Amino acid sequence: MGLGLKIANAAARLFYPSRCPICSETGKDDISVTPICRDCWDTIERLKGGVCQLCSKPGLHPDVTICGDCYADRPRVSSLLAYSVYEGALKEAIHLFKFSKIFRFSTPLGKLLCELPIPEADVIVPVPLTRKRLNHRGFNQSLLLADKISKHSGIKLSIDLLLKNRETESQTLLNRDNRKKALRGVFHINGNVKNKRIILVDDVVTTGTTINECAKTLLKAGASDVNAVVLARTVDKSYNSNQHKIT
Ligand SMILES: [Zn+2]
Ligand SMILES: [Zn+2]
């Protein structure tokens, strides 16, 4: 840490001591990730071991590259890379970024994404929000993250190549089949994607239905390849993150 940042950190601790939402301690601020303390931030670990290449589901046998769900219902993306699981400090950070609108989290969260092996591509495309949702939230969290990857990799960012036409029901309330139905036809292309290799960027992926509907739309319009990069993947309760395997 440079001297300037050390001074800024000390000043932040002195004047704005905050309570870490994870460990509840005060006075451990790190200016780059406050109110999350550095100790809790450092618990965010990149997924390792057996991880499905197509949906980033962790906990697979190390020799297995594709999970049972993806075998049964093949995703449209060529790969989906998630940095970690949606829990603990990463979940909190995404909430602070997305719902509490603490925009500065785009920097440390973007840094995590840039640690991933970003596939070669022609364009980076954030998973879009509808205009209504965008007006309500004021920003698209996926766009801010996509911008970080674009600056890091030099791959062009397109902010409006893929658009979302209408609002869909809360995805968390629907099962996989109904999610698919609800999303059918909600995205459209605004430009030329012919023979382009695309990277889709989102913050959180659950079943992957949104990402895959985006990929389907892009491939139908002539894109040659679609890969996805996300911060976090939700996992069910049987997943034990300490051992990185399903128990
Ligand atoms: Zn903490
Ligand atoms: Zn999978």
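Mentor: Of the 247 residues of the protein chain, 46% count as buried. Keep in mind that this is a predicted model. The chain has nine helices and 11 strands.

Trainee: Let's go to the metal. Which residues are the protein donors of the zinc ion (ligand 2)?

Mentor: Cys 52, Cys 55, Cys 67 and Cys 70, each through its SG atom, at 2.2 to 2.3 Å from the zinc ion. A donor has to lie within 2.8 Å of the metal, so those distances qualify.

Trainee: And why is the site of the zinc ion (ligand 2) called tetrahedral?

Mentor: Look at the angles among the four donor atoms: they run from 107 to 114°.

Trainee: How are the donor residues of the zinc ion (ligand 2) spaced in sequence?

Mentor: The pattern reads C-x2-C-x11-C-x2-C. Cys 52 sits in the loop between strand E1 (50-51) and strand E2 (58-60), while Cys 70 belongs to helix H3 (residues 68-72), 18 residues apart. Both of these cysteines, Cys 52 and Cys 70, are buried.

Trainee: On to the rings. How many aromatic pairs are there?

Mentor: The count comes to three, with ring centres required to lie within 6.5 Å. One of them joins Trp 41 and Phe 105.

Trainee: Then why is the pair of Phe 103 and Phe 139 edge-to-face?

Mentor: The planes stand at 90°, with centres 4.7 Å apart; that angle is over 60 degrees, so the pair is edge-to-face. Phe 103 is in the loop between H4 and H5, and Phe 139 in the loop between helix H6 (131-137) and helix H7 (141-153), 36 residues apart. Ring pairs also link Phe 97, Phe 103 and Phe 139 into a cluster.

Trainee: Is Phe 139 buried or exposed?

Mentor: Buried, because its relative accessible area is 7% and the cut-off is under 20%. Phe 103, at 43%, falls between 20% and 50%, so Phe 103 is partly exposed.

How values were computed
Residues are numbered from 1 along each chain as its sequence is written. Chains are lettered from A and ligands numbered from 1 in the order in which they are written. This is a predicted model: local features need pLDDT of at least 70, side-chain atom pairs count only at pLDDT 80 or more; totals for chains, interfaces and linings use all residues. Side-chain values use heavy atoms; hydrogens and water are left out. Rings of Phe, Tyr and Trp (its six-membered ring) pair if their centres lie within 6.5 Å; planes under 30 degrees apart count as stacked, over 60 as edge-to-face and the rest as tilted. Helices (H or I, at least four residues) and strands (E, at least two) are DSSP runs, numbered from the N terminus. Buried means under 20% relative accessible area, exposed over 50%, partly exposed in between (1.4 Å probe, protein chains only). Donors are N, O and S atoms within 2.8 Å of the metal (3.2 Å for Na, K and Ca); water is not among the atoms, so sites may look incomplete. Four donors count as tetrahedral if all angles lie between 85 and 135 degrees; four count as square planar and six as octahedral if opposite donors are over 155 degrees apart and all others between 65 and 115; anything else is irregular.
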